[in-house]
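My entries follow the order in which I looked things up.

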Amino acid sequence: MLRDFLLLENYFGEPDSIQAIDDVAKHYGFEKVRDALHAGHLSVRTVFLAPGRGRTLCRLSESGRKAAQDQTV
């Protein structure tokens, strides 16, 4: 999962690699996302697009970027 985020960052750039955490959890599984959050590999932020309607987004943190780079070596 971390490598996939890193590939997206390398291809599209960091701002365009941000994904909705719900979509990431559906694709990779809740446990993997939870573990990555607890390890500090993903950072999350909620953005409010309309009154009462927010969306939680996630991206690689610095430690997640390092862990993903270590996986590719």
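These are my notes, from the whole chain down to single residues.

**Entry 1: the chain**

I am working with a predicted model. I looked up the secondary structure and found 4 helices and 3 strands. Read from the N terminus, the order is α-β-α-α-β-β-α. The radius of gyration is 12 Å, close to the 11 Å from the globule rule for 73 residues, so the chain is as compact as a globular protein of that length. I also took the extents of the C-alpha trace, which spans about 45 × 25 × 20 Å along its principal axes.

Next came burial. Of the 73 residues, 27% count as buried. I then turned to contacts between residues at least 6 apart in sequence. Of these, 49% join residues at least 24 apart.

**Entry 2: helix H1**

H1 covers residues 2–12. Which of its residues are buried? I noted Leu2, Phe5, Leu6 and Glu9. They sit on the same side of H1, because they cover an arc of only 100 degrees around the axis. I then checked the face turned away from that buried side. The exposed residues Leu7 and Tyr11 are found there. Past the helix I stopped at Gly13, which follows H1. Its phi is positive, near 100 degrees.

**Entry 3: Glu9**

A glutamate on the buried list made me look again. Glu9 belongs to helix H1. Is Glu9 buried or exposed? Its relative accessible area is 9%, and the cut-off for buried is under 20%, so Glu9 counts as buried. I listed its contacts, leaving aside neighbours within four places in sequence. Glu9 is in contact with Glu14, Ser17, Leu60 and Arg65.

**Entry 4: the largest pocket**

How much space lies in the largest pocket? I recorded about 170 Å³. Its lining consists of Ile18, Ser43, Val44, Arg45, Val47, Leu57, Cys58 and Arg59. I sorted these residues by type and got 5 nonpolar, 1 polar and 2 charged.

Which strands each supply at least two residues of the lining? They are E2, residues 42–50, and E3, residues 53–60. E2 gives the largest share, with 4 residues.

**Entry 5: to keep in view**

For H1, I keep the buried set of Leu2, Phe5, Leu6 and Glu9, with Leu7 and Tyr11 exposed on the face turned away. For the largest pocket, I keep strand E2 as the source of the largest share of the lining.

How values were computed
Residues numbered from 1 in each chain as written. Predicted model: local features only at pLDDT ≥ 70, side-chain atom pairs only at ≥ 80, totals over all residues. Heavy atoms only, no water. 1 Å grid on protein atoms, 1.4 Å probe; cavity = no way out; pocket = protein on both sides within 12 Å on 5 of 7 lines; lining within 4 Å. Points joined across faces, edges and corners; volume = space filled by probe spheres on them. Nonpolar A, V, L, I, M, F, W, Y, C, P; charged D, E, K, R; others polar. Buried < 20%, exposed > 50% of the residue type's maximum accessible area, 1.4 Å probe, protein only. Arc of directions from axis to C-beta. Rg over C-alpha atoms; globule rule 2.2 N^0.38 Å. Contact = heavy atoms within 4.5 Å.
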